[in-house]
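Here is a short report for a first look at one model. It takes up rings, a sheet and a loop residue in turn.

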Amino acid sequence: MSGTEALARLAEDRVDHRFKGLPPDADGLTVAELTAQRRNLFTDGFTTPVLALSAERLRHNLALIQTYAARHGLAFAPHGKTTMAPQLFRRQIEHGAWGITLAVPHQVRVARAYGVQRVFLANELVDPAALRWIAAELARDETFRFICYVDSVRGVELMDAALRGTARPLDVVVELAAGEGARTGVRTEAECAAVADAVAATRTLRLVGVAGYEGEVPDADPERVHAWLRRLVALAADFDKAGRFDAAAPDGIVISAGGSAWFDAVADVFAEVPELSLPVLKLLRSGAYVSHDDGHYRKVTPFNRIPEEGALEPAFRLWAQIVSRPSPGQAFANAGKRDAAHDLDLPFPRVVRRDGTERPATGIEVTALSDQHAWLATTPGTDLEVGDWLGLGLSHPCTSFDKWQLIPVAEADGTVVEYIRTFF
């Protein structure tokens, strides 16, 4: 089955109890049939809590990063672990993405099932079963492009042992750690060279570039992040001078970095990449931009530093309902840890909706989450009643998408025009 056919079949799935927040009277309809009804999120049977994406803001964010990457001469492989939504993968590729970044083998299987032809795995892959499956995919589909990290000689040895006898070499990039005590990656340039030598000693692997994640730079600030990115570029130049890269690689030399907090620094430093012996694919991997957020990424987005280049817009809103108002200073809504991201920040009350009218959620604060309740503190005189709908902004897209299997996409007036399926 082609990726296009697989995506189309998502619309054939039946709506039922598996999907939170959807109208009970829609049970048995296909997703396509429910979409065609263009129901209103607020008046046509959706039950709280329900997470929704803004159609307008989703379009804006997709277009903005496409424009930004093109303006700065960057290829783009957004991190798919953020959404695990093949429909959004397709839209990102339609908006110019080179491919999709992923983190673990299961995510690659999802991407392949829905037709993603280029995958950058931002991890060292040493699981023999997963490696054999990747090798089979490469053998089955000569247009499939797969790149992954290597960050140790031991890892190279394990990969080589699992891949012996495979038809196509597996393309790898040496991961440079962001600093001592950072997450993964090779700590020193000398160790990077040793890993590259280990790759060269195999017939199963092909060295095509270098990569890393600047978001792990200790005590990150613009100066430290720029300095580390220049180390990454210098490593690529040194490897090229030593003839370490395989000239047969279809994308030339890959240099990749870029989370959602420092992609402006990546653009600055990648603009300085010297001329090398092969073309260079400057690959940015930011993923949180799709939905952006009302908390962590609102604070750290590079567009705060470069407002002349635009601004992302938070596209998520979690709608809950006030189910208890036990005192003038306290209230409870029916959404909790099962529904809302809470690893970086608690949700942010944005609007109160009553009788079809919205107003700012002034004087309301989320102070804690239980499994299915949000604890709300209210200032004196706050107009909040049992039955009101509370629109909550969220912090951290990666832990928002993973709590919802089917997410309505609503226009500003509440009309639901699409449903996004996730696979976590």
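## Aromatic pairs

The structure holds 13 aromatic pairs. Rings of Phe, Tyr and Trp (its six-membered ring) pair if their centres lie within 6.5 Å; planes under 30 degrees apart count as stacked, over 60 as edge-to-face and the rest as tilted. One of the pairs is edge-to-face: the ring centres of Tyr 68 and Phe 263 are 5.2 Å apart, with the planes at 65°. Tyr 68 belongs to helix α3 (residues 55–71) and Phe 263 to helix α10 (residues 263–270), so this pair ties together parts 195 residues apart in sequence. Helices (H or I, at least four residues) and strands (E, at least two) are DSSP runs, numbered from the N terminus. Tyr 68 is buried, at 1% relative accessible area. Phe 263 is buried too, at 2%. Buried means under 20% relative accessible area, exposed over 50%, partly exposed in between (1.4 Å probe, protein chains only).

Phe 76 and Tyr 289 form a tilted pair, 5.4 Å centre to centre with 50° between the planes. Phe 76 lies in strand β2, and Tyr 289 in the loop between β9 (280–284) and α11 (296–300), so the pair ties together parts 213 residues apart in sequence. Phe 76 is buried at 4%, and Tyr 289 is buried at 3%. Phe 42, Trp 319 and Trp 389 form one aromatic cluster.

## How the model is read

This is a predicted model: local features need pLDDT of at least 70, side-chain atom pairs count only at pLDDT 80 or more, and totals for chains, interfaces and linings use all residues. Residues are numbered from 1 along each chain as its sequence is written, and side-chain values use heavy atoms, leaving out hydrogens and water.

## The sheet

Eight strands form an open sheet with parallel pairing, in the order β2-β9-β8-β7-β6-β5-β4-β3. Two strands pair if DSSP finds at least two bridges between them. β2 (75–76) and β3 (100–102) stand at the edges with a single partner strand each, so one side of each has no neighbour in the sheet.

β3 runs parallel to β4 (residues 118–124), joined by three bridges. Ile 100 stands opposite Val 119 in β4.

## A buried loop residue

Thr 204 sits in the loop between α8 (189–200) and β7 (205–211). Thr 204 is buried, at 7% relative accessibility. Leaving aside neighbours within four places in sequence, its contacts (heavy atoms within 4.5 Å) are Asp 160, Leu 163, Arg 164, Pro 169 and Leu 170.
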